[in-house]
Amino acid sequence: MPAGRNPVPSLGRTLRLVILGGAGVVCVALFILWRIESPRVERVRAAIVDRVAPSLEWSARPFAGIVRMIGDFQSFARVYDQNEELRRDVQRMQSWREWAQQLEQENARLRALNNVRLSPRLAFTTGEVLADSGGPFRQSAIVNIGARDGVEDGSAALDGLGLVGRIAGVGQTTARIVFLTDANSKVPVVVRPSGRRAMVAGDNSDAPRLDFLESVEGITPGDRVVTTGDGGIFPPDILVGQVALLPNGAVRLRPAADYRRLEFVRILRVDPSPRIEGPGGLIQSGIPLTLPGDKVLPDPVAPGPEGG
Amino acid sequence: MERSALVGAAQDRAILILLAAIALIAGLVPLGVAAGAWPGPDLVYVLLVAWTLRRPGGLDLLTLMALSLLADLVRGGPLGLSTLALIGIREFLLRAGEDLRRGPFPVEWAVVTVLFAALIVLQCVGLWLAFSPRPPLWMLAVHVLLTGLAYPPAAALARLAPPGRVAR
């Protein structure tokens with residue numbers, strides 16, 4: 001460890017410069033590696049966070065608990081405001097309830113119509129938020145569930161209300177959620193009821209942009225925004241938020257997830273429903289054709305890697 | 001108090017690593033996860049700089065790199081650039097440190113804050129060169145200011161913690 005010893009005799013000077021230069025090159029190389037080979041770096045990162053997580057767990061919880069207590073005390077001091085707020089909330093909830101009932105009826109009708117089974121294998125695991133990113137460069141959080149619990153890269157993370165973000169980086173016992181608001185986050189969505197498609201692109205503000213929106217026509221503030229399921233990363237129809245129109249005409253998304261009170265997060269585990277690709281058993285001989293009613297259609301390209 | 005310089009340095013380093021670990025974890029406590037929330041101060045940076053200025057024996061290049069990279073990795077931001085900046089800052093402070101310590105504290109404080117701003121700028125330039133998205137300016141400004149505010153306690157810590165070999 002002679003690296004940083006700093007009595008500087010004129011002879012050691014060159015060596016010192018070389019060491020410094022080497023350290024600098026290492027840093028730049030790491031940055032480039034981070035930029036190019038992001039998944040690999042994320043894996044290293046996840047492994048390290050795994051190691052750090054236990055200490056996070058026993059330190060962060062009391063810390064956060066104390067601060068929340070203080071916050072609760074402060075909120076005790078402004079009961080009146082809170083009361084107002086709650087009243088507004090109740091109003092909003094009532095309209096929501098109305099809406100939910102309507103939707104439920106509609107759903108029931110539609111289901112009765114075609115005897116459909118929705119999102120056949122959608123399960124979730126709930127975890128606790130251990131840490132946030134602790135800096136301005138990333139909008140993310142670390143949760144205390146990981147590969148051990150079936151979390152995968154790219155899974156959707158939800159709080160009780162809506163989409164929080166997506167998993168990027170999974171360790172054994174921890175995972176990192178990149179929020180919708182992070183500048184690296186892009187999620188394909190559709191605006192209901194107009195059906196216009198867009199891309200929710202975070203920019204580190206608390207209201208992400210709605211990119212690639214064809215036109216604002218037929219879109220009113222408060223419209224629901226849900227995922228499309230395009231790209232196969234997220235399941236469709238997860239609530240993302242509501243449309244907010246800015247005075248300058250820009251369209252933004254008000255996320256449904258409550259980032260300020262993010263304590264528990266559920267991570268969806270999706271077994272994508274079987275896809276029908278290629279000609280199928282009708283044309284290609286040798287593969288049994290499964291009739292409707294059976295769950296799985298055979299995949300003609302790779303006939304059952306786990307089955308055979 | 002007879003103590004060899006080596007033992008003193010080792011002790012300084014141990015204290016620094018302990019404090020840096022606490023600072024890192026404290027910075028991660030999930031309080032302001034909302035995007036509009038203010039970014040907290042970079043506590044690890046102020047500790048590293050305070051140690052460079054006041055206990056240079058306790059912070060060799062390897063420790064600095066290790067701590068800085070660990071912080072980068074755990075926080076999840078861009079990797080390596082802040083370490084590069086910290087190496088440069090350490091070099092600068094090892095040269096100018098004597099004058100800074102002798103001068104009035106506000107000057108030292110201002111210099112440390114400006115150096116942190118330079119670190120952030122370097123990171124932004126790196127991200128820009130790599131076509132990566134950057135956080136908005138106000139957020140970075142708040143980050144720099146809060147980090148500046150966190151420096152005096154760190155400097156006091158560097159002076160108060162059980163001395164290994166305190167710089168005169």
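What does the accessible surface of chain A come to, and what percentage of it belongs to carbon and sulfur atoms? The accessible surface of chain A comes to about 18,700 Å², and 57% of that area belongs to carbon and sulfur atoms; such areas come from the Shrake-Rupley method with a 1.4 Å probe, and for residues only the protein chains shown count as cover.

This is a predicted model, in which local features need pLDDT of at least 70 and side-chain atom pairs count only at pLDDT 80 or more, while totals for chains, interfaces and linings use all residues. Residues are numbered from 1 along each chain as its sequence is written, chains are lettered from A and ligands numbered from 1 in the order in which they are written, and side-chain values use heavy atoms, with hydrogens and water left out.

**Chain A**

Chain A has 3 helices and 12 strands, where helices (H or I, at least four residues) and strands (E, at least two) are DSSP runs numbered from the N terminus. Of its 308 residues, 37% are buried, a term that stands for under 20% relative accessible area, with exposed meaning over 50% and partly exposed in between (1.4 Å probe, protein chains only). Among contacts in chain A with a separation of 6 or more, 53% are between residues 24 or more positions apart, a contact being heavy atoms within 4.5 Å.

| Residue | Location | Relative accessible area |
|---|---|---|
| Ser155(A) | loop between strand E2 (140-143) and strand E3 (156-158) of chain A | 10% |
| Ser82(B) | helix H4 (residues 81-102) of chain B | 7% |

Leaving out residues up to four places away in sequence, Ser155(A) touches Gly165(A), Arg166(A), Ile167(A), Phe234(A), Ile267(A) and Leu268(A). With the same exclusion, Ser82(B) touches Ser68(B), Asp72(B), Leu119(B) and Gln123(B).

**A helix pair in chain B**

The axes of helix H1 (residues 5-28) and helix H3 (residues 61-75) of chain B come within 11 Å and cross at roughly 15 degrees, the axes being lines fitted to C-alpha atoms over the stretch in contact, with angles running from 0 to 180 degrees between N-to-C directions. H1(B) is therefore roughly parallel to H3(B), a label for angles under 35 degrees. The contact involves Arg13(B), Leu16(B), Ile17(B), Ala20(B), Leu24(B) and Leu28(B) of H1(B), together with Thr63(B), Leu67(B), Leu70(B), Ala71(B), Val74(B) and Arg75(B) of H3(B). These residues divide into 9 nonpolar, 1 polar and 2 charged, where Ala, Val, Leu, Ile, Met, Phe, Trp, Tyr, Cys and Pro count as nonpolar, Asp, Glu, Lys and Arg as charged, and the others, Gly among them, as polar.

Conventions
Angles under 35 degrees count as roughly parallel, over 145 as roughly antiparallel, 65 to 115 as roughly perpendicular and the rest as oblique.
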